[in-house]
Amino acid sequence: MNRIVTLDEFIIHRQKDFPFASGELTGLLRDIGVAAKIVNREVNKAGLVSILGVEGSENTHGEQVQKLDLYANDKLIDCLKNSGECCGIASEENEDFVQMPMLESKNSKYVVVFDPLDGSSNIDVNVSVGTIFGIYRRKSDSSGPCELGDFLQKGTELVAAGYVIYGTSTILVYTTGRGVNGFTLDPSIGEFCLSHRDIKIPNRGGYYSVNQGYYLKFDVEMRRYIDYCSDMNLRLRYIGSMVSDIHRILFQGGIFLYPNTRKYPQGKLRVLYECNPLSYVVEQAGGKAINTQLNRILEMDVTDLHMRSTIVIGSPDMVDEMKEFVERYSVPSVNIG
Ligand code: AHG
Ligand code: MN
Ligand code: MN
């Protein structure tokens with residue numbers, strides 16, 4: 001029987017890959033693992049909300065019941081705050097970045113960005129949701145507080161990224177730029193155990209993933225590409241939580257698209273909390289991620305904490321094919337006068 005390797009053991013072992021590592025990054029990844037276990041416990045209890053109380057009410061213990069994405073946000077911040085391993089965080093749930101207490105985070109070199117609960121509209125109907133995270137090395141001087149510029153970095157600057165999927169089992173997938181590994185939570189021992197070593201995305205897959213309900217709101221080349229997917233007999237799968245769609249594509253191959261619509265002319269998904277971390281994971285697994293202007297997601301300039309982008313991500317051959325399609329069908333802009 002193979003010996004079980006826990007997430008903590010794996011992370012510590014991998015620290016040796018970074019010759020000048022001080023253990024801070026290792027500590028951060030462990031903090032995220034702890035927060036994921038706490039969030040997992042609450043996500044699993046979500047169906048009991050009628051017993052424990054609905055959001056905004058008091059539960060049977062007289063405690064205020066919180067929305068799960070805000071709960072997940074608080075737990076992540078608490079875990080990162082306690083360890084003092086990062087100097088600040090930016091979250092989809094916070095308007096501004098949050099500075100960690102100076103005393104605890106003295107001289108820390110990293111900032112963390114996250115979407116605490118992705119696909120949260122699925123919670124009430126027992127469909128998989130997730131947590132997405134990314135870690136950057138700060139740009140500002142480590143003796144002072146963190147600054148906006150520490151967060152507005154391109155995805156190419158990520159030092160680590162990953163996600164946790166709370167599904168039929170709870171799996172944490174992460175990369176530090178040397179391959180992608182997955183860990184499944186064994187509830188009987190409360191540990192994430194290495195279950196998917198060196199994940200590689202298939203070059204192609206049988207699935208495409210897009211909110212086809214918006215078909216008429218997409219640009220013409222995008223509609224043509226979606227028709228092509230359907231003509232090729234690709235199967236449509238769209239969960240409405242990006243983590244879950246990307247997790248399937250990572251293992252079975254396929255393509256995920258969230259193009260611009262009339263409601264979201266720049267695209268809906270957030271660069272810092274969703275597009276960049278997942279693009280880093282997918283690229284590390286051998287996949288590709290671009291926007292509908294056909295530029296690599298990880299090379300986009302990030303100008304705002306809550307900036308949004310279009311995204312096309314997944315199996316490398318399928319992303320390349322989509323790119324050719326758009327190039328062929330794009331309506332050239334006519335210069336009048
Ligand atoms: P969140 O729950 O963090 O707001 O993210 C939801 C995102 C993403 O996970 C998903 O793919 C997409 O929104 C679904 O959007 P549509 O309902 O517009 O398809
Ligand atoms: Mn999200
Ligand atoms: Mn969210």
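**An aromatic pair in a helix**

Select Tyr 329 to begin: its relative accessibility is 29%, so Tyr 329 counts as partly exposed, where buried means under 20% relative accessible area, exposed over 50% and partly exposed in between (1.4 Å probe, protein chains only). This is a predicted model, in which local features need pLDDT of at least 70 and side-chain atom pairs count only at pLDDT 80 or more, while totals for chains, interfaces and linings use all residues. Residues are numbered from 1 along each chain as its sequence is written, chains are lettered from A and ligands numbered from 1 in the order in which they are written, and side-chain values use heavy atoms, with hydrogens and water left out.

Phe 325 and Tyr 329 are 4 residues apart in helix 9 (residues 316–329), a separation of about one helical turn; helices (H or I, at least four residues) and strands (E, at least two) are DSSP runs, numbered from the N terminus. An α-helix has 3.6 residues a turn, so residues three or four places apart point the same way.

Rings of Phe, Tyr and Trp (its six-membered ring) pair if their centres lie within 6.5 Å; planes under 30 degrees apart count as stacked, over 60 as edge-to-face and the rest as tilted. By this rule the count comes to 10 aromatic pairs. One of them joins Tyr 238 and Phe 256, whose ring centres are 6.3 Å apart with planes at 25°, so this pair is stacked. Tyr 238 lies in the loop between strand 10 (235–236) and helix 7 (242–252), and Phe 256 in strand 11 (residues 255–258), so the pair ties together parts that are 18 residues apart in sequence. Tyr 238 is partly exposed at 29% relative accessibility, whereas Phe 256 is buried at 1%. Return now to Phe 325 and Tyr 329: their ring centres are 5.3 Å apart and their planes stand at 35°, so that pair is tilted.

**Charges over rings**

Next, display Arg 328. Its charged end sits over the ring of Phe 325, 5.4 Å from the centre; the criterion is NZ of Lys or CZ of Arg within 6 Å of the ring centre and within 35 degrees of the ring normal. For a second example, select Arg 248, which lies over the face of Tyr 207 at 5.6 Å from the ring centre.

**The manganese ions**

Which protein donors surround the manganese ion (ligand 2)? Centre the view on that ion and show Asp 115 (OD), Asp 118 (OD) and Glu 274 (OE), which lie 1.9 to 2.2 Å from it. Donors are N, O and S atoms within 2.8 Å of the metal (3.2 Å for Na, K and Ca); water is not among the atoms, so sites may look incomplete. Along the sequence, the donor residues of ligand 2 are spaced D-x2-D-x155-E. Asp 115 lies in strand 3 and Glu 274 in helix 8 (residues 271–284), so the pair ties together parts that are 159 residues apart in sequence. Asp 115 is buried at 0% relative accessibility, and Glu 274 is buried at 2%.

Move on to the manganese ion (ligand 3), coordinated at 2.3 Å by Glu 92 (OE), Asp 115 (OD) and Leu 117 (O). The spacing of these donors along the chain is E-x22-D-x1-L. The two manganese ions, ligand 3 and ligand 2, are 3.7 Å apart, and Asp 115 coordinates both.

**Helix 8**

Colour helix 8 by accessibility. Here 12 of the 14 residues are buried, so helix 8 is largely enclosed by the rest of the structure. The buried residues include Tyr 273, Glu 274, Cys 275 and Asn 276. Helix 8 is followed by Gly 286, whose phi is positive, near 100°.

**A loop at the surface**

Finally, select Val 125, found in the loop between strand 3 and strand 4. Val 125 is exposed, at 54% relative accessibility. The C-alpha atom of Val 125 is separated by 36 Å from that of Gly 84, 41 residues apart along the chain. Val 127 is placed in the loop between strand 3 (110–118) and strand 4 (129–137), and is partly exposed at 33% relative accessible area.
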